[in-house]
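Open the structure in the viewer and keep the selection panel at hand. The tour below goes from one selection to the next.

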Amino acid sequence: MPDLTGLIELASQAPLLLADFQQDTLSDQAVREPAARGFIIVGCFVVLPVAFAWFMERCSTAHDRKLGLTEEDG
(Lines give C-alpha, C1' and ligand atoms only; values in the text may rest on other atoms or scores of the structure.)
Protein backbone atom coordinates (compact mmCIF):
# COMPACT_ATOMS: atom_id res chain seq x y z
CA MET A 1 0.00 0.00 0.00
CA PRO A 2 1.49 3.35 -1.02
CA ASP A 3 2.26 5.78 1.73
CA LEU A 4 0.86 9.29 2.00
CA THR A 5 3.98 11.02 0.62
CA GLY A 6 3.88 8.83 -2.48
CA LEU A 7 0.24 9.73 -3.10
CA ILE A 8 0.98 13.44 -2.63
CA GLU A 9 3.87 13.21 -5.07
CA LEU A 10 1.70 11.39 -7.61
CA ALA A 11 -1.07 13.97 -7.22
CA SER A 12 1.39 16.79 -7.79
CA GLN A 13 2.62 15.18 -11.02
CA ALA A 14 -0.88 14.43 -12.38
CA PRO A 15 -1.42 17.84 -14.05
CA LEU A 16 1.90 17.50 -15.87
CA LEU A 17 0.94 14.05 -17.12
CA LEU A 18 -2.51 15.20 -18.22
CA ALA A 19 -1.07 18.22 -20.02
CA ASP A 20 0.64 15.87 -22.47
CA PHE A 21 -2.73 14.50 -23.56
CA GLN A 22 -4.46 17.83 -24.18
CA GLN A 23 -5.17 18.38 -27.85
CA ASP A 24 -5.32 22.06 -28.60
CA THR A 25 -5.67 21.40 -32.33
CA LEU A 26 -9.21 20.07 -31.92
CA SER A 27 -10.43 23.55 -31.08
CA ASP A 28 -9.00 24.94 -34.32
CA GLN A 29 -11.49 25.70 -37.03
CA ALA A 30 -9.38 23.83 -39.60
CA VAL A 31 -9.91 20.55 -37.74
CA ARG A 32 -13.41 21.10 -36.43
CA GLU A 33 -15.08 21.65 -39.81
CA PRO A 34 -13.92 18.40 -41.48
CA ALA A 35 -14.67 16.46 -38.30
CA ALA A 36 -18.23 17.78 -38.22
CA ARG A 37 -18.61 16.99 -41.90
CA GLY A 38 -17.34 13.46 -41.27
CA PHE A 39 -19.86 12.89 -38.49
CA ILE A 40 -22.66 14.09 -40.78
CA ILE A 41 -21.53 11.76 -43.58
CA VAL A 42 -21.29 8.79 -41.25
CA GLY A 43 -24.70 9.64 -39.82
CA CYS A 44 -26.32 9.88 -43.24
CA PHE A 45 -24.79 6.80 -44.81
CA VAL A 46 -24.48 4.46 -41.82
CA VAL A 47 -26.65 5.39 -38.85
CA LEU A 48 -29.81 6.44 -40.70
CA PRO A 49 -29.99 3.37 -43.00
CA VAL A 50 -29.36 1.03 -40.08
CA ALA A 51 -32.05 2.74 -38.00
CA PHE A 52 -34.47 2.63 -40.94
CA ALA A 53 -33.78 -1.07 -41.56
CA TRP A 54 -34.29 -1.85 -37.87
CA PHE A 55 -37.58 0.08 -37.87
CA MET A 56 -38.83 -1.69 -41.01
CA GLU A 57 -37.88 -5.09 -39.56
CA ARG A 58 -39.83 -4.30 -36.40
CA CYS A 59 -42.85 -3.21 -38.43
CA SER A 60 -42.65 -6.35 -40.59
CA THR A 61 -42.48 -8.57 -37.51
CA ALA A 62 -45.46 -6.82 -35.95
CA HIS A 63 -47.43 -7.09 -39.20
CA ASP A 64 -46.65 -10.80 -39.54
CA ARG A 65 -47.62 -11.39 -35.93
CA LYS A 66 -50.90 -9.56 -36.52
CA LEU A 67 -51.70 -11.76 -39.54
CA GLY A 68 -50.62 -14.89 -37.72
CA LEU A 69 -47.85 -15.74 -40.17
CA THR A 70 -44.76 -17.64 -39.13
CA GLU A 71 -41.33 -17.83 -40.76
CA GLU A 72 -42.26 -21.22 -42.19
CA ASP A 73 -45.19 -19.66 -44.09
CA GLY A 74 -42.84 -17.38 -45.97
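Select Cys44: what does Cys44 count as, by relative accessibility? Cys44 counts as partly exposed because its relative accessibility is 40%, the classes being buried under 20% relative accessible area, exposed over 50% and partly exposed in between (1.4 Å probe, protein chains only).

The model is predicted: local features need pLDDT of at least 70, side-chain atom pairs count only at pLDDT 80 or more, and totals for chains, interfaces and linings use all residues. Residues are numbered from 1 along each chain as its sequence is written, and side-chain values use heavy atoms, with hydrogens and water left out.

A disulfide is a covalent bond between the sulfur atoms of two cysteines. With a disulfide taken as a pair of cysteine sulfur atoms within 2.5 Å, the count is 0.

Now show the whole protein as a cartoon. The protein has 2 helices and 0 strands; both kinds of element are DSSP runs numbered from the N terminus, helices (H or I) of at least four residues and strands (E) of at least two. Of the 74 residues, 1% are buried. Switch to a surface: the protein exposes about 7100 Å², with 67% of it supplied by carbon and sulfur atoms. Accessible areas come from the Shrake-Rupley method with a 1.4 Å probe, and for residues only the protein chains shown count as cover.

Next, select residues 29-67, which are helix H2. Within helix H2, pick Glu33 and Arg37, 4 residues apart, about one turn of the helix. Their side chains meet in a salt bridge at 3.5 Å, N to O; the term needs a side-chain nitrogen of Lys or Arg within 4 Å of a carboxyl oxygen of Asp or Glu. The whole structure holds 1 salt bridge. Glu33 counts as partly exposed because its relative accessibility is 41%, and Arg37 counts as partly exposed at 47%.

Last, select Ile41, Val42, Phe45, Val46, Val47 and Val50, which make a nonpolar surface patch of about 580 Å². Patches take residues with over 30% relative accessible area and no salt bridge, joining like charges within 9 Å and nonpolar side chains (Val, Leu, Ile, Met, Phe, Trp, Tyr) within 5 Å. Val42 is in helix H2 and, at 44% relative accessibility, counts as partly exposed.
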